[in-house]
Amino acid sequence: MIFRKKKIRENYEYKLTPGGTIYIGECGMTVICEIIEGDFKKEKGCEYFDYDEIKGDITVRSRKDGDRIVPFKMKSEKKLKEIMINKKISPALRNSIPVVEAEGRIITALGVVRSDLYKVTEKTKKVLKIKGEKDA
């Protein structure tokens, strides 16, 4: 038998400044946001987007019921919860995964799925690199 104290989900939302770093105490993660110009080498655990295509604010927030994302290389939306279930992420961990939005649309659930929106192409001049690092 396992006893757990039920944790109340903490809702949060922070503006993510390109070129900046933010610590999210609610999920024990630091989110690093860089802008890269020119050639770059992809790193494991990072997400890359065409920065020039993003016109509005970028925010990092807690997961909400009904969140939807257009997964990379797909054309239609899927529920974020279904993606997490398919990836066998336990319900206890799902709320500790930050969601990043641009212009009100989810572009990534850090470490889980990235969106097909704002893809880096050969025409991309500025790349937005987002990385999440969990506390040790």
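Residues 24 or more positions apart supply 66% of the contacts (heavy atoms within 4.5 Å) in the protein chain that have a separation of 6 or more. The model is a predicted one, in which local features need pLDDT of at least 70, side-chain atom pairs count only at pLDDT 80 or more, and totals for chains, interfaces and linings use all residues. Residues are numbered from 1 along each chain as its sequence is written, and side-chain values use heavy atoms, with hydrogens and water left out.

As for overall form, a compact globule of 136 residues would have a radius of gyration near 14 Å, and the 15 Å of the protein chain agrees with this; the radius is taken over C-alpha atoms, and the globule rule is 2.2 Å times the number of residues to the power 0.38. Of the 136 residues, 42% count as buried, meaning under 20% relative accessible area with a 1.4 Å probe and protein chains only.

Turning to the fold, the protein chain contains two helices and eleven strands. Here helices (H or I, at least four residues) and strands (E, at least two) are DSSP runs, numbered from the N terminus. Five strands form an open sheet in the order S1-S5-S8-S9-S10, with antiparallel pairing. Strand S1 (13-15) and strand S10 (113-114) stand at its edges, each with a single partner strand, so one side of each has no neighbour in the sheet. Two strands pair if DSSP finds at least two bridges between them; S5 (residues 58-61) and S8 (residues 99-102) are joined in the antiparallel sense over four bridges. Within S8, Val 100 is the residue that Val 60 stands opposite.

Note on methods. Buried < 20%, exposed > 50% of the residue type's maximum accessible area, 1.4 Å probe, protein only.
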